[in-house]
Each structure stands twice: as structure tokens, then as C-alpha cells.
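Subject: Structure handover

Hello,

Here is the structure I promised you. Please open it first, then read my notes below.

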Amino acid sequence: MRVKVSRKAHFNAAHRLYRSDWDLDQNKAVFGLCSNPNFHGHNYDLIVSVTGEIDPETGFVMDMKILKDLIKSEIENAFDHKNLNIEVPEFKTLNPTSENIAVVIYNKLRPHIALEKDIEVVLYETPRNFVTYSGS
Ligand code: NI
């Protein structure tokens, strides 16, 4: 009996989407407002889900306090109120799109959660735009 448990979190961060090998017009055409050379912010909402067997001793799939602390230490502390392009090493050469941010979040959490559990990351860049990554 596998059950999915989820924790919501939030961070504010600035970014700019661009390719240095494209000129401004091409960046604007593809990335729109997100290519503004002076950066801009988003209020990111994050849902991290863990799916696994219920531990018969505790009744938990995962202790939610541990998941909460993990998201705080690995994600919020690294991303919140940061300029993703400049201050977060993973995005030095990787465009900080929602897709790439979700993959980076997954990869940062994966080593800390038992392998028999599955992880799913849902990242909202706006209330209407969100991406999902679950490791494949
Ligand atoms: Ni943007």
C-alpha cells in the first residue's frame, strides 16, 4: 500500500531567461518578459511529494517535520530572495526556467530521501503555470 504525502513550500527569487549566443531580439522573441536584462522576480510555490509504504511502527510514509526541514535547508535557504542566475551555482550555465528549477530541486532532495520512496516536484512559477518532475 503506497501512499503519497505532500508538503507545500514557497520562495521568492529573481531570474532572467536568455542565451548569450542569441542577440537581444531573439531572446525577447523566445523568452518574452522573462528575458528582461535587468532581471525580475517570481513568487514560486513548490509542492514536494513523497510516495512510499506506510511504516507500520509510526504510521508515516515520511515524518513531515523531516521533509519540512529538508525543503528549508536544501531549497529555501539556497533559493529564497536570491538571484538564481547570479547566486545559485546550478544556474550559472543553466537557464533558470521552471523546468530546470524543478529538476535542480529534485536532484538536491533525492540524496536525502530513502531510495525506495518516489519523489515528485511540482513548481508553480505563476498561479497558472506549473511544471512537474519526478525523476525520469
Ligand atoms: Ni520570469
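Rings of Phe, Tyr and Trp (its six-membered ring) count as a pair if their centres lie within 6.5 Å; planes under 30 degrees apart are stacked, over 60 edge-to-face, and the rest tilted. Note that the model is predicted.

**Aromatic pairs**

By that rule there are six aromatic pairs. Tryptophan 22 and phenylalanine 31 make a stacked one, 5.8 Å centre to centre, with 25 degrees between the planes. Tryptophan 22 counts as partly exposed, because its relative accessibility is 25%. Phenylalanine 31, at 18%, counts as buried.

Phenylalanine 79 and phenylalanine 91 form a tilted pair: 6.1 Å between centres, 55 degrees between planes. Phenylalanine 79 sits in helix 2 and phenylalanine 91 in the loop between helix 3 and helix 4, so this pair ties together parts that are 12 residues apart in sequence.

For reference, the ideal angle for four tetrahedral donors is 109.5 degrees. Histidine 15 and cysteine 34 link distant parts of the chain, 19 residues apart. Histidine 15 is in strand 1 (residues 2–15), and cysteine 34 is in the loop between helix 1 (24–31) and strand 2 (40–53). Histidine 15 and cysteine 34 are buried.

**Strands**

Strand 1 pairs with strand 2 in the antiparallel sense, over 14 bridges. There, serine 6 stands opposite serine 49 of strand 2. Strand 1 also pairs with strand 3 (residues 82–83), in the parallel sense and over two bridges. Alanine 14 has asparagine 83 in strand 3 as its bridge partner.

**Helix 4**

Helix 4 (residues 98–109) has 12 residues. From first C-alpha to last, helix 4 reaches 16 Å, close to the 16 Å expected at 1.5 Å a residue. Its buried residues are Ser98, Ile101, Ala102, Val104, Ile105, Tyr106, Lys108 and Leu109. What covers them includes strand 1, strand 2, helix 2 (64–79), helix 3 (84–87), strand 4 (118–124) and strand 5 (130–133).

Best wishes

Key:
Residues are numbered from 1 along each chain as its sequence is written. This is a predicted model: local features need pLDDT of at least 70, side-chain atom pairs count only at pLDDT 80 or more; totals for chains, interfaces and linings use all residues. Side-chain values use heavy atoms; hydrogens and water are left out. Helices (H or I, at least four residues) and strands (E, at least two) are DSSP runs, numbered from the N terminus. Buried means under 20% relative accessible area, exposed over 50%, partly exposed in between (1.4 Å probe, protein chains only). The expected span of a helix is 1.5 Å times one less than its number of residues. Contact means heavy atoms within 4.5 Å. Two strands pair if DSSP finds at least two bridges between them.
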